[in-house]
Amino acid sequence: MPGRKSSVFSRRLDPPLPVAVSGEGVWIVDADGKRYLDASGGAVVVNLGHGRKEIAQAVGEQLGRLYYAHPTMFTCQPAEDLAAALAAHTPGDLNRVYFMTSGSEANETAIKLAHQIHQAQGRPEKTILISRWRSYHGLTMGALAAAGRPAFRVPYMSMLHDAVHIPPPYCLRCSYGLKQPGCGLRCALALDETIQNLGAQVVSAFLIEPVSGATLASYPPPEGYLALVREICSHHGVLLIFDEVMTGMGRTGSWFAGGRYGVTADMMTMGKGLTGGSLPLSAVAVREPLYQDLKSGLGAFSHGGTYSHHPVGCAAGLAAVRILEDEALVERADRMGQFLGGKLHEHLDDSPFVGDVRGVGMLWGVEFVADKKTLAPFPRSEKVTERLWSHLFDEGIIVYKAVGLAGTHGDALVVSPPFIIEEEQILRVAQAIKKAVVEVLG
Ligand SMILES: Cc1ncc(COP(=O)(O)O)c(C=O)c1O
């Protein structure tokens, strides 16, 4: 509430934020009674809609039964049940699940686990991580070093033990100036080249978002890209890690993007929608044979956290998985996602300031440009994304910001509503974005 005194070190240091007091379905209500249609599920988190009573009940029951038992001393039923429930949906033999609390920690865990697997297999010198520019993997130092988003990295650059970055598959602004089809997937071949340049014997893993999330505003991989990087990694004994923190749990209209594109990574991280946003929980799924190698080679994973495998977090995760299954929400995400994409195209393709509308499942992006022909971006100083976002927020529509898609410039909005959204609400979101573009950009 404007003018109130606060001791909170807020995520934003500029004028006070509205106070969110309740949520139901696609709606968030603030302390003034204003209703917001949450068309991004916050940061692509709220897959099931707000205010799910089933989750509240499962969490309440688990809190009453047992809320903490140290994960090196006990396992707990919610962790056992959630791991089994996830393993039923993960691609291939990604069957062993290690629980943490945030997406950053899940990626941190996967980076360390990759190295320990190599150690267990007798190749301790395999330590170098390769990742991609225009990616995000988290705020912790290892995950941030893997991330390829300069605005987040540059302030801490001198502190990072950096990963080696290669260009992303961003065909709209191809780093090699090539066009699809006919480019030969040069961006995937860059992985092979980089591994050879470094020496495969020192490369540990390749960490990527299978569908580029917030940094490239929901950019799906070009056909054949994921299969080719899978082949290259297998050829060089490099572990492939899919960061499915954003794309997992049905977001792409499949349980996991790896499944959607028919590619099984060696490890897969998840977070965000894992509990539908109700509690902080993340996870790493690792292929069973690699887990067995670790077990027989080292006998332990040198890693751990006070709140890993948390009973209450896992109870929330299990309740969320059951909702996805019982209400067939992954299938709905696929179906309604096509409707959402169609409406965004219908309302925005003709705008002189919209350079691209793209996405998959319930993960869509709208990229704004100063010149539709050349795709020249607006200068970042014009803060186009922020102005559009604020306009929509004032109108009671929540979307998610993406900036820096074109060098230090580039503007986009991510549209990623809860899977339960109705057609008429999707229509309202598409119309609101169209109106915002006209009113803000002319
Ligand atoms: C793809 C991806 N990986 C990792 C993270 C980090 O997750 P968290 O913010 O839960 O630490 C994010 C967060 O936005 C993300 O989008």
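Leaving aside its neighbours within four places in sequence, which residues is Ser 40 in contact with?

## Surroundings of Ser 40

In this predicted model, Ser 40 is in contact with Ile 398, Val 399, Tyr 400, Val 414, Val 415, Ser 416 and Pro 417, once its neighbours within four places in sequence are set aside. Ser 40 itself is found in the loop that lies between β3 (35–38) and α1 (41–44).

Is Ser 40 buried or exposed? With 25 other C-beta atoms within 10 Å, and 20 or more being the cut-off, Ser 40 counts as buried. The C-alpha atoms of Ser 40 and Lys 401 are separated by 9.6 Å, although these two residues are 361 residues apart along the chain.

## Packing of α2 and α11

Helix α2 (residues 53–65) packs with helix α11 (residues 311–326) at an angle of about 150°, and their axes are 9 Å apart. Since angles over 145 degrees count as roughly antiparallel, α2 and α11 are therefore roughly antiparallel to each other. The crossing in which α2 passes α11 is right-handed.

On the α2 side, the contact is made by Glu 54, Ile 55, Ala 58, Val 59, Gln 62 and Leu 63, while α11 contributes Pro 311, Val 312, Ala 315, Ala 316, Leu 318, Ala 319, Ala 320 and Ile 323. By class, the residues of this contact divide into 12 nonpolar, one polar and one charged.

## Shell around the ligand

The ligand is surrounded by 16 residues, of which the closest are Ser 102, Gly 103, Ser 104, Gly 138 and Val 245. Helix α4 (residues 103–120) provides the largest share of this shell, with three residues. Sorted by class, the shell around the ligand has eight polar, six nonpolar and two charged residues.

Notes
Residues numbered from 1 in each chain as written. Predicted model: local features only at pLDDT ≥ 70, side-chain atom pairs only at ≥ 80, totals over all residues. Axes fitted to C-alpha atoms, helices over the stretch in contact; angles between N-to-C directions. Helix = DSSP H or I, 4+ residues; strand = E, 2+ residues; numbered from the N terminus. Parallel < 35°, antiparallel > 145°, perpendicular 65-115°, else oblique. Left-handed = near helix turned anticlockwise from the far one by under 90°. Contact = placed C-beta atoms within 7 Å. Nonpolar A, V, L, I, M, F, W, Y, C, P; charged D, E, K, R; others polar. Near = placed C-beta within 6 Å. Buried ≥ 20, exposed ≤ 12 C-beta atoms within 10 Å, placed from the backbone.
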